[in-house]
Amino acid sequence: MPSLDARDKARIIIEALPYIKTFHGQRIVIKYGGHAMVDEKLKEQFALNVILLKYIGIQPVIVHGGGPQIGDMLKRLDITSRYERGHRVTDEATMDVVEMVLVGKVNKQIVNQINLQGGQAVGLSGKDGRLITARKLEMILEKNEAPPEIIDLGKVGEVTRINTSLIDTLLADNFIPVIAPVGVDEEGNTYNINADSVAGAVAGALQAKRLILLTDVAGILDKDKNLISGLTRQQAAQAIEDGTISGGMIPKLGCCLEALEQGVEKTHILDGRLENSILLELFTGEGIGTEVVL
């Protein structure tokens with residue numbers, strides 16, 4: 001006679017079936033960052049989550065960050081960093097370190113972790129196959145009764161185009177693409193790009209079923225620090241206007257809304273510190289994070 005625990009496990013699998021059917025054959029873009037990238041147990045769980053998605057017929061695409069790892073390397077090399085409105089000002093020396101860490105170290109660590117757990121991952125940067133075309137990001141600060149201030153962020157870029165052909169090929173051959181957020185312009189200049197923005201652009205270009213952003217918070221919180229389980233574009237605008245949403249969550253929300261405008265069905269902001277957060281959000285009715293829709 002099966003144990004109660006075994007029965008519970010079977011029931012959970014059956015309850016997940018409608019969601020598995022919904023996502024079968026669909027593309028899901030996951031932005032991987034924060035604590036989930038540094039905690040050893042969470043790194044293993046993330047790899048297993050992604051592999052499970054692949055085995056049940058879903059096509060995951062990963063875009064990763066690496067800010068803390070870049071910061072650590074800059075300190076070791078005695079290169080000073082400064083930030084403007086959340087963006088790391090990136091000169092030539094800093095860009096060399098960014099590319100070295102993101103593409104040469106972090107990207108390959110993620111690929112290796114997935115492969116060690118039985119998956120088939122391939123690491124890419126935006127330079128590979130001209131995957132990410134970018135341009136220099138212009139930051140203009142409007143000032144009351146004064147001319148706007150233009151801030152030079154150096155080699156910080158924004159996405160102008162995603163070439164999906166290489167991603168399409170890898171997915172067709174059952175590989176899991178893992179993308180470092182480094183782009184290149186038409187003249188061959190390299191740019192450091194915000195990983196959330198790259199994930200949103202990739203999701204839009206692929207017409208992904210879902211965009212998932214893993215963060216170090218439960219999701220979007222209200223003024224009483226309670227989780228907001230769902231938001232529409234109109235509700236999001238109101239929450240920003242009244243100060244409910246502020247700081248670093250604003251660009252994440254903007255990334256979600258842009259992806260939705262480009263055809264992504266739904267977007268999710270999740271707590272990557274929770275084990276199996278991706279599975280809990282996708283395959284349960286209640287989910288665990290904030291779902292953002294048009």
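Modeller: Happy to! Glu-158 and Arg-135 form a salt bridge, their closest N and O atoms being 2.9 Å apart. A salt bridge here is a side-chain nitrogen of Lys or Arg within 4 Å of a carboxyl oxygen of Asp or Glu. This is a predicted model, where local features need pLDDT of at least 70, side-chain atom pairs count only at pLDDT 80 or more, and totals for chains, interfaces and linings use all residues. Residues are numbered from 1 along each chain as its sequence is written, and side-chain values use heavy atoms, with hydrogens and water left out.

Colleague: How many residues apart in sequence are the parts that Glu-158 and Arg-135 tie together?

Modeller: Glu-158 sits in strand S9 (residues 157-162) and Arg-135 in strand S6 (residues 132-136). Strands are DSSP runs of E with at least two residues, numbered from the N terminus. The pair therefore ties together parts separated in sequence by 23 residues.

Colleague: Is Arg-210 buried or exposed?

Modeller: Arg-210 forms a salt bridge with Glu-265, with closest N and O atoms 2.7 Å apart. Buried means under 20% relative accessible area, exposed over 50%, and partly exposed in between (1.4 Å probe, protein chains only). Because Arg-210 has a relative accessible area of 7%, Arg-210 is buried.

Colleague: Which side chain of opposite charge is nearest to Asp-185?

Modeller: Asp-185 is buried yet has no salt bridge. Lys and Arg count as positive, Asp and Glu as negative, while His and the chain ends are not counted. The nearest side chain of opposite charge is 6.3 Å away, and belongs to Arg-130.

Notes:
Helices (H or I, at least four residues) and strands (E, at least two) are DSSP runs, numbered from the N terminus.
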